[in-house]
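Let's walk through this model together, one step at a time.

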Amino acid sequence: MREHGILRIVARFLIPLIMLFGLYIQFHGDYSPGGGFQAGVVFAAAWILFVLIYGLEDALKVIPERAMFVLMLMGVLLYAAVGVAGVALGGNFLDFYPLLPGEHAAQQFGIITVELGVGVTVATVMMLIFTQFARRRGLLAEVEEEGD
Amino acid sequence: MAVAVVRMRDLFASAMLFAIYSLLCAALFAVLDAGDVALTEAAVGAGISTLLVLAVLTVARRDEKTVPGHNLPALVVVVITGAALVWATLDLPEFGAPDNPVHTHVAPYYIEQAYPDMGVPNMVAAVLASYRSIDTIGEAFVILTAGLAVWALLSVRPRRRRKVPPEEEDAQ
Amino acid sequence: MAVLGHFNYWIVVVLMMIGFYCVIARGNMAKKMMGLNIFQTSVFILFISAGKIIGGSTPILRKGVEVYSNPLPHVLILTAIVVGVATTAVGLALAMRIREAYGTIEDDLIHDDEPVAADEDDR
């Protein structure tokens, strides 16, 4: 859809806004509706819009597939690391109180970190799934050509 | 709307109708006080899952094979199950009453203690990430596993389609 | 009031049965996944409507609000939606592989013995 001028310009205007909204609901999720799951999905939606307008190749230059794998594992590991850190500092698994002095600060730190981990995982998994679906068609066409 | 999704033969139109249906669901969730859920449903239902269905449709056929008439046994099963479920709902508590069993177990604790415990006004985030964080780590792993499963299914290089050799066809 | 009080459950049942019919009566796998999704949303509506309190408001603490709806179903459904789309993606990926192996996603056109024959008339 690269040749559609209107689509391209509207998308150029919208994508940063959607990404900004994603980041807002990620980090403002404690005070208004939002959190890791929503932010991840919204962020992935912005990226998918980018793929639809500019094509998969350009989008993979922005976030290569390898980075998606690394990030999606890092997200879960970040979540688990917060849990293990609680154990290491003398609490239970996923117990946020020992992390920082001050109960509210500890809980808020824990919640924000955990939500960040969830957000990164959800966003990259959605991107990865979409990449795989979009690429499959190309792979099929390639194999067909070789066959002829 | 949902009936139209099921009845439509053209899968592309059906996917589009499904997106609208998801958006309506999101509006319903917003009316029912679930802001977080409405946000997610709007992004997921109207955006991502519709696109995934469309991605499959680019590879597979767009039209559904027409089955003439209704599938009578399926209809009978569905009507019987539905009637049984409606009968079962008569025992359920009324909609929106504050003394329903759902609201009397742990929920009051969450609502009253969330702010004193952690200073986070959004109770959904507090319950999600702190009170039920082990639940949530499970969900994160499920999503990770689903991503890996899709990758495993779709990243394998497709085999060339076997063409039936002509002499075999002659032999048959 | 007794009739109106259960209206939400009946909507859920109707949606659930539409999804169920779609899953068992339709052969097309993409259509089956959509039916499963409708079924799924009906369960979401069941949970969310169970958490609603009439006169309550969104469970975000603020001044001047006394009654909040129940946050617990919201948490459960929030995660369920995202997990649901992930599992839908797995199902669709399986459908895609079936399409590659058998040339169709209609389940009554799939036969074990002739995986290639279906290829020719399809597309």
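How many helices and strands does chain B have? Chain B has eight helices and zero strands, where helices (H or I, at least four residues) and strands (E, at least two) are DSSP runs numbered from the N terminus. Read from the N terminus on, its elements run α-α-α-α-α-α-α-α.

A word on what you are looking at: this is a predicted model, in which local features need pLDDT of at least 70 and side-chain atom pairs count only at pLDDT 80 or more, while totals for chains, interfaces and linings use all residues. Residues are numbered from 1 along each chain as its sequence is written, and chains are lettered from A and ligands numbered from 1 in the order in which they are written.

How confident is the predictor about chain B? The score to know is pLDDT, the predictor's confidence in each residue, from 0 to 100. Chain B averages 74, and 77% of the residues score at least 70. Within chain B, confidence is highest in α7(B), at a mean of 87, and lowest in helix α8 (residues 166–171), at 44. Over residues 163–172 of chain B, pLDDT stays under 50, and the model has two contacts beyond four places in sequence for this stretch. Here, two residues are in contact if their C-beta atoms, placed from the backbone, lie within 7 Å.

Next, look at chain B as a whole. Of its 172 residues, 40% count as buried, that is, with 20 or more other C-beta atoms within 10 Å of their own, the C-beta atoms being placed from the backbone. Among contacts in chain B between residues at least 6 apart in sequence, 34% join residues at least 24 apart.

Now turn to the neighbours, starting with chain C. The contact takes 75 residues from chain B and 72 residues from chain C. On the chain B side, α1 (2–7), α2 (11–31), α3 (35–59), α4 (72–89), α5 (107–118), α6 (123–131) and α7 (133–154) each supply at least two residues, and α3(B) gives the most, with 13 residues. By class, this side of chain B has 51 nonpolar, 13 polar and 11 charged residues; Ala, Val, Leu, Ile, Met, Phe, Trp, Tyr, Cys and Pro count as nonpolar, Asp, Glu, Lys and Arg as charged, and the others, Gly among them, as polar.

Zoom in on α7(B) and helix α4 (residues 71–102) of chain C. Their axes come within 9 Å and cross at roughly 15°; axes are lines fitted to C-alpha atoms, for helices over the stretch in contact, and angles run from 0 to 180 degrees between N-to-C directions. The two helices are therefore roughly parallel to each other, a label for angles under 35 degrees. Among the residues that meet are B:Val142 and B:Ile143 in α7(B), and C:Val82 and C:Val83 in α4(C).

Chain A lies on another side of the story. Here, 42 residues of chain B are in contact with 48 residues of chain A, and α3, α5, α6 and α7 of chain B each supply at least two residues of the side that touches chain A. That side divides into 26 nonpolar, 11 polar and five charged residues.

Definitions and conventions:
A residue is buried if 20 or more other C-beta atoms lie within 10 Å of its own, exposed if 12 or fewer, and partly exposed in between; C-beta atoms are placed from the backbone. Angles under 35 degrees count as roughly parallel, over 145 as roughly antiparallel, 65 to 115 as roughly perpendicular and the rest as oblique.
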